[in-house]
Amino acid sequence: MFSLISSFQMQFMLLFSRQGKLRLQKWYVPLSDKEKKKITRELVQTVLARKPKMCSFLEWRDLKIVYKRYASLYFCCAIEDQDNELITLEIIHRYVELLDKYFGSVCELDIIFNFEKAYFILDEFLLGGEAQETSKKNVLKAIEQADLLQESFDEQLHSVLTTVTDTL
Amino acid sequence: MHHTAMSPSVPLQEMIRAIRSARTQCEERGVIQRECAAIRAQFRQSDNGGRSHNLAKLLYVHMLGYPAHFGQMECVRMIASPRYSEKRVGYLGAMMLLDEKQDASLLITNSIKNDLSHSNQYVQSLALCTLACMGSAEMCRDLAPEIDRLLRASNSYIKKKAALCAVHIVRKVHDLGELFTPAARSLLAEKNHGVLHGAVVLITELCERNQETLERFRKTVPDLVQIMKGLVISGYSPEHDVAGISDPFLQVRILRLLRILGRNNEGASDAMNDLLAQVATNTDSTKTVGNAVLYETVLTVLHIKSESGLRVLAVNILGRFLLNNDRNIRYIAMISLQKIVGTDHNAVQRHRGTIVDCLKDQDASVKRRALDLSLALVSASNVRSMMKELLLFLSSCPPELRAQAASGIFNAAERYAPSQRWHIDTILHVLTTAGGDVRDETVPNLIQLITNASELHCYTVHKLYRALLTDISQQSLVQVACWCIGEYGDLLLRGECQETEPVQVTEDDVLDALETVLQSHMSSPATRGFALTATMKLRTPLSLTANTDRIQSIVSIYGSCIDVELQQRAVEYNALFRKYDHMRAAVLERMPVIEKNSPGHTNGESTGEPIKDIQTLKVKQGEPLLPQQPANQVLTLTQMHVV
């Protein structure tokens, strides 16, 4: 019934709008740009065609797709055969909560205009497709610290420039 | 804009605004082209403090679907920068624009190596993340020792990431599993949830890949059980709590590891038995998160060597899932039950009622699963009631499921039919409801079944005649009806029947019915063939003269039919009237009972040769798909169009 090598891996996560515009794409398996585009196109079409009363899981190619809509954004994960769909829904929810805490009542526009931050937050929560930190607090703390580090470097750079111009 | 911890990148946001304000695809392309030209120019300039904003812009453009390969080298440069802001975007860019299949990805190996031992943990984190996301086999081999070092001697923040990095490495280069095994073992003693989670994922991966490693890690079952107990029983930990469940993510991963360790091993399975029962009983199932843990528990129970009591408990959880308001939970239950319907058949049977109810679920995926499961649950003892439900389902099921439902019903009917009459009735019911969705073999199969039920010939021909009068649109039904009328028409005309109300018809009435089929635009050529042959075969108890005229006139009309097949038949039948009239009665004698697996059973042609020979011929390789026509021309008339 179960193969000897089980497959538990998140292969990718996509965020897209109801018009099918991609807002984030995180790939945990090596694929060419062309393949990624094809998968994205097909999957977005498939998910957007689903009616609201249908369940959050569907079988697509040899993967299981877990998706959930939050306001105007679809969060869509591709997991492997033996993975637990219900916990994947929790992973999606946790990510949304993190975004919400960070941006304060997050909406699609936040993710559009600050897409790089959406990635930074995701990368502090998942690593190689697996959850790396199960405490919401710890993820947010790490992001905060990293942001501070970034600011300090930027500030450092700025002050160096001012000093240089002053002496000229 | 909402508050953010870090100041937004103004240049990036300005560009995004500009792109979004484009009103057409063409306009957008124009904006993008201009922006890319500017970005390119900026890349060529020396350091101007805006490099990270520039690359971020390019990454946005890339996400919209535009080419961005000219940014790859910039990523490589940024990663090597001493500035954190630049590294951060550089690594992000690498993960988005590079993949292991490209040469440029090799160039960042050295930067990653350096950053893995950077004094600042956030820089180390970037390197670990990138390696775990896109590290090629070569990079993995190169950097594995570094990762192993970090697994042993670093803070929790780094250790948890190193563990998942190791997972990626092992997935890419299986042999490297051995390298990480010792460190993985000691990580189980850590208290930090993140590290523990990473450790469990790593150990799972190691055990999956190597049987020896798995056997060594079996000794950790008591430790894992302890950790789980701590999560399930002990106090509330606000940091890891999700709706009353303490760290569900970690719980699920531990349960999964236990599954792998307990599989095929009684000792390990025993050691975890109580814990599993505890989790199964105590986990709150009112929210999805609790059900996620319960689901993993059920999977584990069903795959290890668990006690029968525990198994029943697990199946009952699935049964409860079937009644859950959340359709996701119902879907999960269906899938799981489907997987165990073979091994735990009786346990699943107990939930048959609920499963059958799910045939009426709104969600098509749940319906499909319910169909599969229902068919799997049909048995000799429940076949009558199950078939009622399934036939009901067939009459209103979504079109994409009809073929599957019809074929499933046929199979079940064949296996468990309580009587021949029931069997025939069931098949007729399916043909009436979904005749267009059944496979081609259904017609000869049904005919074979009918010929074998000799006591029911009268009953069957009556039923089919009535069906024909009602509706001639379902081709398979019409074909079988025609064949039966041709074969058993005399029983129809006799005016008596034990099993059902007899009809009072004349030969003309019957010929009328057949002619209607022949002339209807709904009838396919194959169906017309059946009708023509039936007309020909119609035997009457009285002298043949009056009706043979009518039969002959019908037949000769088709002698000039456009359809070649029909024309040929008509011409040959005509010949039977004219030149071979003395043989007509013998040629049109009632068919013998068709054996199962005879050629007539599958493709409608019988050579009249002994069945055994034909079967052995069929089994030989290279056998032509169609049986050969024998030489004797007269016999051709008997062979032809038996069905």
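## Strand β5 of chain A

In β5(A), A:Leu14 has A:Cys76 as its bridge partner. This is a predicted model, where local features need pLDDT of at least 70, side-chain atom pairs count only at pLDDT 80 or more, and totals for chains, interfaces and linings use all residues. Side-chain values use heavy atoms, with hydrogens and water left out; residues are numbered from 1 along each chain as its sequence is written, while chains are lettered from A and ligands numbered from 1 in the order in which they are written.

Back to the strand. β5(A) pairs in the antiparallel sense with strand β1 (residues 10–17) of chain A, over seven bridges; strands count as paired if DSSP finds at least two bridges between them. Strand β4 (residues 63–70) of chain A also runs antiparallel to β5(A), again with seven bridges, and here A:Val66 sits opposite A:Cys77. The hairpin of β4(A) and β5(A) has two residues between the strands, and A:Ala71 takes a positive phi near 55 degrees. (Helices, H or I with at least four residues, and strands, E with at least two, are DSSP runs numbered from the N terminus.)

How many of the residues of strand β5 (residues 73–79) are buried? Seven of the seven, so the strand is largely enclosed by the rest of the structure. Buried means under 20% relative accessible area, exposed over 50%, and partly exposed in between, using a 1.4 Å probe and protein chains only. In a regular strand, side chains alternate between the two faces of the sheet. Here A:Leu73, A:Phe75, A:Cys77 and A:Ile79 point one way, while A:Tyr74, A:Cys76 and A:Ala78 point the other.

## Helix α22 of chain B

Helix α22 (residues 364–377) of chain B has 14 residues and reaches 20 Å from its first C-alpha to its last, close to the 20 Å expected at 1.5 Å a residue. That expected span is 1.5 Å times one less than the number of residues. At the start of the helix, a side-chain oxygen of B:Asp363 comes to within 2.7 Å of the backbone nitrogen of B:Ser365.

Since 10 of its 14 residues are buried, α22(B) is largely enclosed by the rest of the structure. Among the buried ones are B:Lys367 and B:Arg369, along with B:Leu371 and B:Leu373. And what do the buried residues pack against? The list includes β3 (57–60) of chain A, plus α19 (327–340) and α24 (399–416) of chain B, with contact meaning heavy atoms within 4.5 Å.

## Salt bridges

Side chains of opposite charge can pair when their charged atoms come close. Over all chains, the structure has 43 salt bridges, each a side-chain nitrogen of Lys or Arg within 4 Å of a carboxyl oxygen of Asp or Glu. One network links A:Glu130 with B:Arg171, B:Glu205, B:Arg209 and B:Arg253.

Now for some individual pairs. A:Glu42 and A:Lys38 meet at 3.4 Å, N to O; both lie in helix α1 (residues 33–48) of chain A, four residues apart, about one turn. A:Glu42 is partly exposed at 28%, and A:Lys38 is partly exposed at 43%. In chain B, B:Arg149 and B:Glu146 meet at 3.1 Å, three residues apart in helix α9 (residues 137–152). B:Arg149 is partly exposed at 38%, whereas B:Glu146 is buried at 18%.

B:Glu35 and B:Lys57 form a salt bridge at 4.0 Å. B:Glu35 lies in helix α2 (residues 25–44) and B:Lys57 in helix α3 (residues 51–63), so the pair ties together parts that are 22 residues apart in sequence. B:Glu35 is buried at 18%, and B:Lys57 is buried at 15%.

Terms used: Polar contact = N/O pair within 3.5 Å; in protein donor to acceptor, adjacent residues only side chain to side chain.
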